[in-house]
Amino acid sequence: MTMRPDPTFHASPKLAMEAPPEHFAYTLLLSPDFKKPDALAVIDVKPGSKTYGRIVHTVTMPNKGDEFHHFGWNACSSALSPLAGHAFIERRYLVIPGLRSSRIYIIDTKPSPLEAKIHKIIEPEEVFKKTGYSRPHTIHCGPEGIYVSTLGGGGKDGTQGPPGIFIMDCETFDVLGRWEIDRGPQTLHYDFWWNLPRDYMVSSEWALPPQFENGIVPEDLLANKYGHRLHFWDLRARRNVQTIDLGANHQMALEVRPAHDPIREYGFVGVVVDTTNLEASIWTWWREGGKFHAEKTATIPPEPAPKEKLPPLLQGFGAVPPLVTDIDLSMDDRFLYVSCWGTGEMRQYDVRDPRKPKLAGSVHIGGIARRTPHPNGKAFAGGPQMVEISRDGKRVYWTNSLYSTWDDQFYPDGMPGAEVMANVGANGGLELAKDYFVDFPEGYRPHQIRLEGGDCSTDSFCYPSV
Amino acid sequence: MSDVDTTALWLWLAIIASGLFHGINPGMGWPLAVSAGLMDKSPRALLGALLPLSTGHLAAMLLVLLPFALLIALTEWQRPIQIAAGIVVIGFGLIRLIDRRHPRALARISPARLALWSFAVAIAHGAGLMLLPIYLGLCATSSAHDGHAAAARVIDQNLAMALLVALVHTAAMLGAGGLLAWLVYRYLGVRFVARSWFNLETVWAVSLVLVGAAALAVNVAEWR
């Protein structure tokens with residue numbers, strides 16, 4: 001317990017933007033063939049540093065086959081909630097779930113990121129026993145502690161009962177139990193986030209474990225059996241209050257990005273693929289008159305490609321779907337970054353008018369058919385995937401891998417791990433930094449990135465940016 | 001001024017001081033008023049939040065004080081009750097010192113229910129207990145004036161005193177918290193929320209122990 005709130009906690013998004021820039025980027029490393037233990041890489045991102053753009057520390061886990069995916073902090077700016085009255089915890093521990101193993105690692109980043117080490121390991125049995133859920137995924141710190149979304153229910157293949165969210169204590173990391181009291185029609189899960197003062201949560205749907213663990217199941221996709229709904233929840237009452245179906249053809253509604261400024265009651269969600277035309281889409285959701293609404297506000301078309309440039313999975317279509325697998329919203333809620341993992345493009349939309357996104361910038365890198373190299377000349381396999389934005393909005397970092405088995409289906413020629421960064425122009429526009437290209441150890445692929453002191457998909461705020 | 005009047009004066013000052021202390025403690029809710037004002041873009045919403053926050057706090061004070069208003073009507077038991085109250089307050093302070101975990105149930109209260117939140121937070125932190133020994137002291141000084149009054153009248157007096165103590169305390173709290181909320185809302189900005197936020201848990205727990213110990217010492221000494 002500290003005497004003052006952690007200096008990386010900020011009352012409003014504006015204050016977070018004014019804070020000192022990040023010096024380290026934490027990146028998850030996964031061993032796609034499960035031959036090595038997964039790891040956490042600490043990357044130096046301090047401009048001018050001798051080791052800039054290189055891994056300066058690695059925490060290697062003691063187990064194999066965890067499949068690291070997403071992760072998060074034990075505490076963030078949400079601790080300054082006027083309701084909590086208890087801001088005296090530190091942003092100190094990274095909570096890393098193994099998506100395949102259901103094991104959860106707690107990593108201590110103090111006294112220095114260069115000395116990060118394992119603090120605690122929560123074995124899968126504890127998660128199964130206390131929650132009946134499996135395959136932990138998204139981590140957010142909030143009013144009741146650490147919230148963890150899961151993709152699987154009980155049983156070996158995770159299909160016994162629906163997946164959901166469970167709560168962990170933010171200091172002891174004890175698994176406390178299920179979060180939902182009334183889940184309504186929700187049976188699938190992926191991402192979730194919230195508006196704390198307005199007291200609502202939004203969650204999305206990917207798929208059940210048999211639909212992703214051994215690769216994408218094309219028959220299920222074409223039969224529209226992946227997730228396509230958004231669920232809106234009363235956060236404190238833990239009740240599902242509304243479900244919006246985006247339409248069965250809008251397969252895989254993934255990342256949910258609410259506006260950071262809590263006065264704004266809207267947000268976005270990305271849809272991976274429309275099975276009628278291979279388009280990807282961005283949807284805007286908002287609350288008005290006590291009800292939630294959602295509409296498709298941007299689409300990204302597939303790109304035709306000759307059969308020989310396509311993996312077997314796509315040869316019948318003669319085109320590359322954009323595959324929007326991640327989106328991220330800048331701290332000032334101005335730019336939405338959209339990863340097109342299939343076509344190899346990072347798009348930047350101006351979303352100041354949230355229901356009319358305007359394309360403001362774009363860079364091509366990688367891609368199934370385009371295979372655009374990095375401007376420094378290096379090859380970039382895969383496409384832009386997990387994206388993270390610096391708090392000040394000036395730098396956008398991303399990695400290239402989606403998920404072990406899916407990588408192999410869409411990019412069968414292999415995918416050496418890569419992490420790149422683009423600088424953002426004052427009025428939009430993106431340009432890849434020639435001097436930032438992180439090489440990863442042989443046999444590892446990078447996934448989500450977390451920035452020292454918080455980033456644009458971690459912190460939630462309780463006061464508006466006036 | 002007689003000794004009894006001097007004692008009463010100090011006790012009233014203690015009531016006001018504890019109100020000011022509760023008011024500036026962010027844990028008792030002034031940042032909620034700032035948030036309400038900012039979220040609704042209206043100073044009226046800030047004032048509107050102060051009302052339920054004060055009501056909840058007042059109710060929590062009364063919940064602790066009122067049972068004792070009835071109890072100490074048993075005048076021959078006045079000293080033992082005061083001593084027992086002192087021990088309870090010390091005990092609660094010690095528990096707060098040792099068990100630093102925040103009651104998780106508080107996190108389940110919706111941000112829309114400010115009065116309930118304020119009530120629950122005050123109860124959970126023993127805010128009313130801090131007033132209890134002071135209140136009992138005031139009751140003792142007023143009965144010292146009266147000599148042997150009828151039990152019914154003593155109860156009425158004690159109830160009126162409990163209401164007055166809770167009102168004065170809550171008014172002081174509202175004044176301090178409201179002023180701070182207004183300054184942050186209007187002039188200082190939300191940066192001040194994190195800047196001003198000191199960990200008062202220890203100070204709070206220690207002040208409970210001190211208030212209880214002072215009451216215990218005075219009463220044990222006078223009893224003899």
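1. In this predicted model, the contact between the two chains draws on 27 residues from chain A and 26 residues from chain B. Sorted by class, the side of chain A that touches chain B has 19 nonpolar residues, together with four polar and four charged ones.

2. Chain B is built from nine helices and has zero strands, and its elements, read from the N terminus on, run α-α-α-α-α-α-α-α-α. Its radius of gyration is 18 Å, close to the 17 Å that the globule rule gives for 224 residues, so chain B is as compact as a globular protein of that length.

3. Other values for chain B can be set beside this one. Its C-alpha atoms fill a box of roughly 55 × 35 × 35 Å along the principal axes, and buried residues make up 43% of its 224 residues. Of the contacts in chain B between residues at least 6 apart in sequence, 84% join residues that are at least 24 apart.

4. An α-helix has 3.6 residues a turn, so residues three or four places apart point the same way.

5. In chain A, four strands form an open sheet in the order E4-E5-E6-E7, with antiparallel pairing. Its edge strands are E4 (72-73) and E7 (117-122) of chain A, each of which pairs on one side only. E4(A) is joined by two bridges to E5 (residues 93-97) of chain A, and A:Trp73 stands opposite A:Leu94 in E5(A).

Technical notes:
Residues numbered from 1 in each chain as written. Chains lettered and ligands numbered in written order. Predicted model: local features only at pLDDT ≥ 70, side-chain atom pairs only at ≥ 80, totals over all residues. Contact = placed C-beta atoms within 7 Å. Nonpolar A, V, L, I, M, F, W, Y, C, P; charged D, E, K, R; others polar. Pairing = 2+ DSSP bridges. Rg over C-alpha atoms; globule rule 2.2 N^0.38 Å. Buried ≥ 20, exposed ≤ 12 C-beta atoms within 10 Å, placed from the backbone.
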